[in-house]
Amino acid sequence: MAEELLHKHFAPYTPKDGEDYMSANQLKHFRAMLESVKKELSEDIERTVHTMQDEATVFADPNDRASQETDIAIELRNRDRERKLIKKIDETLARIDSGDYGYCDKCGVEIGIKRLEARPTATLCIDCKTLDEMKEKQMAK
């Protein structure tokens, strides 16, 4: 959902020749992406709350009631994911403000423009993320 919102509204950033990594223009681009997604997610959450309040119907048929409860549970689970993404977006905006955005939390190297375009809330470079995923797989076995 969030990736669809990103790529629908924003063309990928193309750095100019000799442009420094995480220049003011790049930070501005990523901030605009993140704020746009946050706004759309917040509107979706608000719309869902109003819809659920408006459609609160008590069905006499147990099957209809079960279907409605399932639909509500799925919707709430999706909105919870979106709420968590909004929190992550807020953390990422704070990283932009502090000057830490675009650099790996573990090793400090550049995450890369292309990776940030795909996942603007990324905090790890691809190497550190791959290592984390390998460790997770090993622990799960």
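How many helices and how many strands are there in the protein? There are 5 helices and 0 strands, where helices are DSSP runs of H or I with at least four residues and strands are E runs of at least two, numbered from the N terminus. Read from the N terminus, the order is α-α-α-α-α. The radius of gyration, taken over C-alpha atoms, is 20 Å, well over the 14 Å that the globule rule (2.2 Å times the number of residues to the power 0.38) gives for 141 residues, so the protein is more spread out than a compact globule. Its C-alpha trace spans about 65 × 40 × 25 Å along the principal axes.

A word on the model before we go on. It is a predicted one, in which local features need pLDDT of at least 70 and side-chain atom pairs count only at pLDDT 80 or more, while totals for chains, interfaces and linings use all residues. Residues are numbered from 1 along each chain as its sequence is written, and side-chain values use heavy atoms, leaving out hydrogens and water.

Now to the packing. Of the 141 residues, 30% are buried (under 20% relative accessible area with a 1.4 Å probe, protein chains only; exposed is over 50%, partly exposed in between).

Finally, look at the cysteines. The whole structure holds 0 disulfides, a disulfide being a pair of cysteine sulfur atoms within 2.5 Å. Cys107 has its closest cysteine sulfur in Cys104, 3.7 Å away and too far for a bond; Cys107 is partly exposed at 42% relative accessibility. For Cys128, the closest cysteine sulfur is in Cys125, at 3.6 Å, again too far for a bond, and Cys128 is buried at 11%.
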